[in-house]
Amino acid sequence: SKFGGNAFEYVEELDMYYLHLFDKTQADLNWENENVFNEFVKICNYWLDKGVRGFRFDVINLISKPDIFKDDSNGDGRPMYTDGPKVTEYIRQLGAKSFAKYDDVMTVGELSSTSIKKAAQYSKRNESGLSTIFNFHHLKVDYKDGNKWALKPFDFLELKQLYASWQLGMIKENASMSLFLSNHDQPRAISRFTDESFEGATMLMNMIMSLKGVVYLYQGEEIGLPNAYFDSINDYRDIESLNYYKILKKEYGEEEVLEILRERSRDNGRTPMPWNHEKNYGFSIKSPWLPFSKAKNLQTVEDNINNPNSIYHYTKRLIKKRKTDDVLIHGDIEFVDLDHPELFVYKRNYKNKTYLCIHNFYAKDVYYEFDYKSIIAHNYQESQVNTLRPFESIIVEIEA
């Protein structure tokens, strides 16, 4: 199981096993069964009839299982159930009886361990029904030897290469991809890739808003909400974290395991929103199910709204620019200096306009030679030509 332990659960009264790739309360359903498939159609149409116009399909590329289950003696079984032979067929059939009948419905498929070719295949709406997809390859760059629970500093060059290959690959396939850095299954990007400063948060915002694709902002990113920093296993609620706590305890000491969870637990992305500095941060008159982040000097929504120079107001201005600027909406993308050790650099081109996007991913000054005609977005109040300060990010118009 992806959450640890066996993926098959024994049912004594039936003398049979059922498959659960995730938790044992999440049985994998059989899409070959007509009654099961019709229930999916019923669920989609129930919400469509209520006016819902957006669907997120969880790990949708795992729904097609092989006719014969074989051993994967050299791995974790992933090749046996990922991107199965009928995924596209199932999505197309479901869409034909529900969401694909509407012109104004947005669908996104979450993909696990997939390829660019497969991702493009799923996200061609006229062929499969999905508007777009999102994948996680770029969020595994701090997995040591591919192991989520083994820590290492993030590999910046790999991060850039993955963005470049996926951006260009999906464009070549005429398919749409999603742009995101955090979600409910991931640690906070501001804690993962920066020092949790205003500059770090807004650098990531500049990057995500200037790449090509459909932008997703996860709740809390707009105020710079950091990781949970829980100091006791009793604070955690995520079933994956609790399972791996038991597994990791066999190899590591208590504090080492807690440090791993502080970096990797899905609860990092699930802490409640701190609205103000009243009791329970204004979230509830009762203590919430999951504790609030224990980060020092935690900024609330109210703090951000009251500060005109906050991450929140910067993000609002950036969203407005993203929604009204043809270069950012329609422009092609060209990656530059991918081997640069500190900077992520690329161009956006549309008609007779070219933008140069430069993002410093490190807490040090970096020299980079460039000229510009005007500044489109900048996370420092004053420009310092050709020297990018810690986590400085600038988008400029240059000669086409």
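Of the 64 residues in the largest nonpolar core, Leu94, Ile133, Phe193 and Phe361 touch the most other members. Helix α6 (residues 156-172) supplies the largest share of this core, seven residues. This is a predicted model, in which local features need pLDDT of at least 70 and side-chain atom pairs count only at pLDDT 80 or more, while totals for chains, interfaces and linings use all residues. Residues are numbered from 1 along each chain as its sequence is written, and side-chain values use heavy atoms, with hydrogens and water left out.

Visitor: What makes a set of residues a nonpolar core?
Guide: The set consists of buried Ala, Val, Leu, Ile, Met, Phe, Trp, Tyr and Cys residues joined through side-chain atoms within 4.5 Å. A second, separate core of 13 residues includes Phe230, Val257, Leu261 and Leu290.

Visitor: Why is α1 called oblique to α3?
Guide: Helix α1 (residues 34-49) and helix α3 (residues 87-96) pack at an angle of about 50 degrees, with their axes 9 Å apart. Angles under 35 degrees count as roughly parallel, over 145 as roughly antiparallel, 65 to 115 as roughly perpendicular and the rest as oblique, and therefore α1 is oblique to α3.

Visitor: Why is Tyr350 called partly exposed?
Guide: Its relative accessible area is 24%, and since buried means under 20%, exposed over 50% and partly exposed in between (1.4 Å probe, protein chains only), Tyr350 is therefore partly exposed. Tyr350 is found in strand β9 (residues 343-350) and, leaving aside its neighbours within four places in sequence, is in contact (heavy atoms within 4.5 Å) with Asp326, Val327, His330 and Gly331.

Definitions and conventions: Axes fitted to C-alpha atoms, helices over the stretch in contact; angles between N-to-C directions. Helix = DSSP H or I, 4+ residues; strand = E, 2+ residues; numbered from the N terminus.
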